[in-house]
Amino acid sequence: MNKSEDYIWYASYGSNLLEERFHCYIEGGKPKGSTKQYKGCKNKTLPIDSEETYITSELYFAKESETWNGGGVCFISNDFKPKSETLARMYLITKEQFVDVVKQEIGKEDFEIDFEKAISDGSNIFRKNSWYNKIHYLGLQNNFPIFTFTHDSDYEEENKPDINYLKIIVRGIKETFQNLNEVEIAEYLISKRGIYGNFSNEALLEIISNE
């Protein structure tokens, strides 16, 4: 392993719960169901560890993603509350890889991320006018800092996710949280903005059971 200070946990909460999909950000490739080809990181070494975790913020779906047929994609609220719970998966990667992942996520190269400022302030906006432009510090795990990212203000207008995107998320939840059964996964998703009112519990269960 390189110097320990070079490594951080990236806490993912959407389609990157699925390891196969996240590896496209590291190694390059086109995720199943997506229309986008990823170039990968400069350092294509796969994560040296991964763990399930929870983020004390509310998950929601917003914007219109060309990558996912115009459907909404995952964000988390900037309002962190102890009773809020988003299922997440942490990957132990280098700081350089984290920045490269964000660059691929937003399609922009003209920014830097100040990890130390994010730790001291709890969060840091690293670029204006991007869907994902704010990093949050979530604490330590095994002496490595944990970071995630979202938009700097919560989008009020939600959007129904594309079914292919939702399938990837479901597969990621099943892979990461093997203790959850299909009914519990449906109960988790049904209340989320972008899901609620757009999918019935029966429709969700059908999607979940087929993945």
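This is a predicted model: local features need pLDDT of at least 70, side-chain atom pairs count only at pLDDT 80 or more; totals for chains, interfaces and linings use all residues.

Start by selecting Tyr10 and Phe149. Their ring centres sit 5.5 Å apart and the planes are at 5 degrees, under the 30 degrees cut-off, so this pair is stacked. Now colour by secondary structure: Tyr10 belongs to strand β1 (residues 7-12) and Phe149 to strand β8 (residues 144-150), so the pair ties together parts 139 residues apart in sequence.

Next, pick Trp68 and Tyr165. Here the centres are 5.2 Å apart with the planes at 50 degrees, so call this pair tilted. Trp68 is in the loop between β3 (59-65) and β4 (71-76), while Tyr165 is in helix α4 (residues 163-176), so you're looking at a link between distant parts of the chain, 97 residues apart. Both Trp68 and Tyr165 are buried.

Last stop: helices α5 (residues 182-190) and α6 (residues 201-209). Their axes come within 9 Å and cross at roughly 130 degrees, which means the two helices are oblique to each other. The crossing of α5 past α6 is right-handed. To see the contact, show side chains for Glu182, Val183, Ile185, Ala186, Leu189 and Ile190 on α5, which meet Asn201, Leu204, Leu205, Ile208 and Ser209 on α6. Colour those residues by type and you get eight nonpolar, two polar and one charged.

Notes: Residues are numbered from 1 along each chain as its sequence is written. Side-chain values use heavy atoms; hydrogens and water are left out. Axes are lines fitted to C-alpha atoms, for helices over the stretch in contact, and angles run from 0 to 180 degrees between N-to-C directions. Helices (H or I, at least four residues) and strands (E, at least two) are DSSP runs, numbered from the N terminus. Angles under 35 degrees count as roughly parallel, over 145 as roughly antiparallel, 65 to 115 as roughly perpendicular and the rest as oblique. A crossing is left-handed if the near helix is turned anticlockwise from the far one by less than a right angle, and right-handed if clockwise. Contact means heavy atoms within 4.5 Å. Ala, Val, Leu, Ile, Met, Phe, Trp, Tyr, Cys and Pro count as nonpolar, Asp, Glu, Lys and Arg as charged, and the others, Gly among them, as polar. Rings of Phe, Tyr and Trp (its six-membered ring) pair if their centres lie within 6.5 Å; planes under 30 degrees apart count as stacked, over 60 as edge-to-face and the rest as tilted. Buried means under 20% relative accessible area, exposed over 50%, partly exposed in between (1.4 Å probe, protein chains only).
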